[in-house]
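Subject: Handover of a structure, with notes on strands and salt bridges

Dear colleague,

Please find the structure below, together with its sequence.

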Amino acid sequence: MSQTDCFHCGQAVVQASRYTCVLDGQSQPMCCLGCETVAQTIIDQGLADYYRHRSLSQASSPILPTALDLSASHQNQWQAYDDADVQSTFVRQSQTKDHTTNAKEADLVIEGLTCAACIWLLHQQVRKLNGVIHFNVNLTTQRAYLQWHSDAVNLSQIMAAIAAVGYQPSPYQATIAATKTAKDKRQTIMRLGISGLATMQVMMLSFGLYAGQSQDMSEQQMVFFRWLALGLTTPVVFYAALPFFKAAYRALKNRHLVMDVPVSLAIGGAYLASLWATVNNTGEVYFDSVCMFTFLLLFGRFVEAQARYHAGHSGNQLHQLLPPMCCLVTGHQSPQEALQQIAVLKLKTNDTVRVKPGETIPADGVIVCGTTSINEAALSGEFLPVNKQLGDQVTAGTINVASSIDIQVTQVDNSRLQQIVSLVQQAHSFRPKMSYKADRVAHYFVLAVLSVSACVYGTWYFIDPDKAFWITLSVLVITCPCALSLAAPTATAVATASLRKQGILMTREDALEEIAKIDTIVFDKTGTLTTGAMALQQTISLGPLNDAQCLSLVSQLESQSEHPIARAFSQLDIITYDKLRVSNFRNHTSQGVSGQYSANNQLVELRFGQRQFAAAHLTEQPQAPDEQGLWLLLADAHQALAWFKINDAPRKGLCHTISQLKQHGYELHLLSGDQANNVSELARNHGISHWHACQTPQQKLDFITHLQQQGQRVLMVGDGVNDAPVMAAADAAVAMASGTDLSKSSAPALLLRDNLNLIQVLLRKAQQTHTIMQQNLSWALLYNVIALPLAAAGLIPPWGAAIGMSTSSLLVVLNATRLKAAAQVSQQ
């Protein structure tokens, strides 16, 4: 590399460029501020070996080392996030409703969030930026989902806007987030320890002061106890309570009110009043209440934060499913075959990887050697291992159970696991309508608290001046919108995590509200109520051979065919008879298959397919059964041997699902583009009264609209891709997504397993979630309605107010965790 090339990206450097960085004592040229910042970040974090050992061509862009902590850049950090190399580690291309190609999305961690008012402020700040498509912050997970037009606004501008109101944004990276969470937890425990220890010591001093007033303690001793209490309380205020003051300052700086404002006023006011009394040796001191109040608030928030963390942690665990290393096979199935351990991040499409029993599949691929069983529980919720054979697809993040296999990598950058992770993060960004209403209430709630507190202080100042301060302190603390803001998002976060573990992936959390109100369910047929694959329904023998013998002949004939009908026989456990061996196979396009078998010691031609083809050599044409469906004939040169009914197989559990849905009062409809005889047969056999066949997409859309105009709340169940317009029109939608590209699905709920009974699980969980949200909101409102007048009447001391505020928020979170319980999925 010449001295006129950028040391980071390899592009030409303008002669007048002033950007440089120092590596190994040498100044290296940079083409722009972005490259300078990124390079300096890499060097500052001890990752300079990236530059020492890389091979950088003039035409290629470098790949940042995976250990890079993007949040560590201090100088011009926001502009650095516009660098393409930086964005490649956490920014994804995004699909928008208008199908624009320049849309991007990212998940951000937002530091400093304390209550719903913080979220309201961030939404007001970011959504006004031109080019921001979608921005939503989830208080439960402390993360934000961002979608924007990259040609209209830079990522650095958005992050700078977040920072401008006092919050610290950074890219969400699972390992970095876990490290930061652990660090924050340790710091919170330290604050708790200091405030708890100080509380115990100051309480002892306070008891001494109270006793001394009635037992003639000397003035010098009382002054000494006050100054000692002041010394113990000071670190509590300036260290343990620092998060409250920071949040309050940030809010007031932006002319906004959050719950930490009255909390800070309470702590700061009590401390300053006590300081004044101590210095001037006059009046009362409140150091014990300051310490106890801070400790109880910190403890309540710590427990609440832990509950929220565990509520939203399930989605994070998906990031940790991939192994860091894998076994690459070079020279596959050749004398030069060799094994090499490499990082999973270095895998490329068409690489061959060996996976031993007990190891995790590192990438999406196809089995090219071996057979095994795969545990897919982490992704689909199916607890039983799934048998896999040569040519079968396997998914990254699943576990090989039985024996070693070689897989050929088919997908690296957009694996099914990555799609699920992306949709989980996206789901958290769509908050329930109840949550938005609570946020709007919380914004004005704090102002009301401050106004009421001022009135309470003024009233009690004339009634009993000695009690005015403490009663006002109780009012400031006990009335808290935290429980109100946590009521809905915590419930939906827990429900979403529980559903994902059972094989239901929510792409929008707010859809649970709509699903809970459903009274009508409309099903598509092919690929939804049926598997979309041909299956043998019935066998009717006509000649000297029984059903099992005829089935053996057909199975051998179809074993050499690639036609979809052949798959109806390939999955069956069929007995092969030595005296009924088929040879000389031949495919006849659009007609059937033929071969020869031995009958009476002679080779006789055997045909299977459409009646006209199979019975072409027969003098009498056999008549197909009167029953509906696709009937195929097996015949030899002398006679018809058997009829076989082939049909699109109903999904597992269909009868049980339909029966249960009808028992729960849902109105069921079947819409299909298939022929009337097939649709009517499926509807009749499974008890669906309302069915419509030969439906075009527009007719399906019109039917959904007609139901809605009659006041019905419609849930559409389809394949998620072909039914996209109909699903978008329905009030809610569920897609069968066990074998589809998840990124192409338009439904807010995806079934990752071929089990229709999951629809019942989803409906029941949605109703439970709606109930929990109503309970949480009712409790939050009832608590504030009861607590405020009691505190204003002087019936609740400050320490009791602190306990009450923390307990109210904690009860909301604990009530939401009841949704973790997984419903039993019927296997019928």
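The notes below concern strand pairing and salt bridges.

This is a predicted model, in which local features need pLDDT of at least 70 and side-chain atom pairs count only at pLDDT 80 or more, while totals for chains, interfaces and linings use all residues. Residues are numbered from 1 along each chain as its sequence is written, and side-chain values use heavy atoms, with hydrogens and water left out.

Strands around β16

Helices (H or I, at least four residues) and strands (E, at least two) are DSSP runs, numbered from the N terminus. Two strands are said to pair if DSSP finds at least two bridges between them. Strand β16 covers residues 405-411 and pairs with strand β10, residues 352-355, in the antiparallel sense through four bridges. Within this pairing, R354 has D406 of β16 as its bridge partner. Strand β16 also runs antiparallel to strand β11 (residues 364-369), to which five bridges join it. Here I367 has I407 of β16 as its bridge partner.

Salt bridges

Side chains of opposite charge can pair when their charged atoms come close. A salt bridge is counted when a side-chain nitrogen of Lys or Arg lies within 4 Å of a carboxyl oxygen of Asp or Glu.

For the accessibility of a residue, buried means under 20% relative accessible area, exposed means over 50%, and partly exposed lies in between (1.4 Å probe, protein chains only). D406 counts as buried, at 3% relative accessibility.

A salt bridge also links the side chains of R607 and E605, with 3.2 Å from N to O. R607 is buried at 14% relative accessible area, whereas E605 is partly exposed at 29%.

In the salt bridge between R713 and D731, the distance from N to O is 4.0 Å. R713 lies in the loop between α24 (697-709) and β27 (714-718), and D731 in the loop between α25 (724-729) and β28 (732-736), so the pair ties together parts that are 18 residues apart in sequence. R713 is partly exposed, at 27%, and D731 is partly exposed, at 24%. Together with E514, these two residues form a network of salt bridges.

Yours sincerely
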